[in-house]
Amino acid sequence: MSYGNDYSNKPFERASKTSHTNIINDTTVQSFLSKCKMPPYHEEIDDKDIELLMLEEPTKNPIKNIITIDGGYTNVFVKEDFPSSTIAFFQFGALFFKHQDLLDLKEKPFIDPEDFSKLQNIQRIKLVVPTKGIALDGEIDFVSSVRRTIYEFFISQPERNGFMDALKWLIFEEYSSSDNSKIWHLATCPHCSIGVDIQRKNVQNDYTITCPHCGGKIYLTDILRLHEVIDNELGAGGILGYLTTAVEQIIIVYLIKQMLNIRPSLLSQTLFVKDGPLAFFGQTANLHKPMRKLMTFLNQNHSIYLVGLEKSGSFVEHAVQASKKMLPKQMLLLGNSYIYKYIIPGNGRDSEPYAISSYYGHKVIFKSEHNNVYVATIPNVQAMVEPQISDYININEILYNITALKCDLYYNSLVPVVMANKLVSLADHPSSDLLKTFAQEKIIQ
């Protein structure tokens with residue numbers, strides 16, 4: 001971008017067209033590349049490594065309702081002259097479907113606008129977060145501006161204190177205990193960077209805590225630890241994916257909490273479908289621990305049908321290859337030995353289950369009766385290095401219902417996931433352009 005007339009008529013600096021020969025002829029580079037391994041094609045997968053199981057269809061399908069959760073964001077700069085000042089617009093969707101309505105739609109290859117009339121409830125949730133070079137009026141710096149933005153979102157959506165109550169309910173296990181002495185350890189105070197043990201009884205009515213070391217105000221949302229990867233100069237671009245995944249799953253927690261409060265029997269009739277794996281990533285990863293505890297509690301005392309479905313990535317790419325060795329209605333449980341041999345580069349760790357520090361479920365590759373292939377994460381009873389089918393909570397009922405919800409609009413897609421994505425995704429054009437114009441009109445000059 002040009003910032004003055006002195007440069008407007010000068011050519012851009014161009015890369016050399018011959019420098020690549022220095023790389024190609026370098027023996028060190030050649031030696032390194034010769035040591036690299038690519039994921040295998042299906043012919044290279046050893047048959048003895050594929051232990052396939054058949055789907056056991058339930059005699060009576062318990063699922064009457066489907067709830068799909070998805071989220072998306074776009075990051076835009078507000079002023080042409082200040083491209084380093086950016087802001088992110090998020091939109092999350094929680095869609096409620098009657099199972100029978102989806103069965104009526106499953107044969108349709110395309111989804112018409114009229115199909116949306118089948119939805120019983122569409123909950124769109126919006127969030128705006130400054131990502132660089134923008135501060136909230138009254139805040140001392142950029143980091144505190146982002147922290148306050150996330151805090152205010154949690155205490156205002158989807159109702160007063162909705163997500164914040166759900167977060168507190170999750171981390172202090174309030175679904176099973178009223179013990180006020182329960183503690184959540186925050187690795188770093190956002191003010192003094194010293195670790196803080198947050199006791200449930202010390203959380204104030206506004207969901208803040210006073211740091212015992214420096215006296216600074218800590219928001220309960222600081223347990224997401226996003227402040228650790230926000231920088232006053234470099235911005236908050238690195239938190240967007242982590243925040244999206246965390247909010248999607250807090251929506252699930254919020255809905256479960258509401259069902260338990262209003263009508264617990266709904267849980268035994270509802271399938272939750274999340275776009276993406278059942279995991280918390282980056283700074284938010286520790287939340288997988290209370291999430292697994294919640295899944296265990298629900299499995300023992302109520303019911304829980306929850307699945308995360310992946311649309312892209314190394315597991316999906318491998319599933320395409322592995323499915324060529326699978327028959328319809330077969331599943332392939334993914335344990336350490338298989339994952340690290342065929343999907344994730346490296347030898348892995350034999351003593352720890354795959355992604356134990358972020359996932360609260362195990363992965364499975366499933367080929368439906370329609371030959372659609374899915375990579376699903378299903379909550380586990382216990383994290384295992386080599387999971388057995390009994391370690392997956394309600395796997396047969398979940399995969400049976402996934403089969404019934406196929407959609408031919410996209411490759412290996414499901415009707416509820418497609419609808420959720422269409423309702424919340426923010427396309428580069430025209431969405432980002434319109435949001436940029438909107439921000440220009442409203443932001444403080």
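Biologist: Which residues of helix H5 are buried?

Modeller: This is a predicted model, where local features need pLDDT of at least 70, side-chain atom pairs count only at pLDDT 80 or more, and totals for chains, interfaces and linings use all residues. Residues are numbered from 1 along each chain as its sequence is written, and side-chain values use heavy atoms, with hydrogens and water left out. Buried means under 20% relative accessible area, with exposed over 50% and partly exposed in between (1.4 Å probe, protein chains only). In H5, the buried ones are Gly162, Phe163, Met164, Ala166, Leu167, Lys168, Trp169, Leu170 and Ile171.

Biologist: What touches Thr221, leaving out residues up to four places away in sequence?

Modeller: Thr221 sits in the loop between strand E8 (217-219) and H6. At 5% relative accessibility, Thr221 counts as buried. Contact means heavy atoms within 4.5 Å. By that rule, Thr221 touches Ile150, Tyr151, Phe154, Met164 and Leu167.

Biologist: How far apart in space are Thr221 and Tyr151?

Modeller: In sequence, these two are 70 residues apart. In space, C-alpha to C-alpha, Thr221 and Tyr151 are separated by 5.8 Å.

Biologist: Are H6 and H7 roughly parallel or roughly antiparallel?

Modeller: Axes are lines fitted to C-alpha atoms, for helices over the stretch in contact, and angles run from 0 to 180 degrees between N-to-C directions. H6 (residues 240-262) and H7 (residues 288-301) pack at about 30°, with axes 12 Å apart. Angles under 35 degrees count as roughly parallel, over 145 as roughly antiparallel, 65 to 115 as roughly perpendicular and the rest as oblique. So H6 and H7 are roughly parallel.

Biologist: Which residues of H7 make the contact with H6?

Modeller: From H6, the contact uses Gln249, Ile252, Val253, Ile256 and Leu260. On the H7 side, the residues are Met291, Leu294, Met295 and Leu298.

Biologist: What share of the chain's residues counts as buried?

Modeller: The chain's secondary structure comes to twelve helices and 15 strands. Residues 24 or more positions apart account for 71% of its contacts with a separation of 6 or more. Of its 445 residues, the buried share is 49%.

Technical notes
Helix = DSSP H or I, 4+ residues; strand = E, 2+ residues; numbered from the N terminus.
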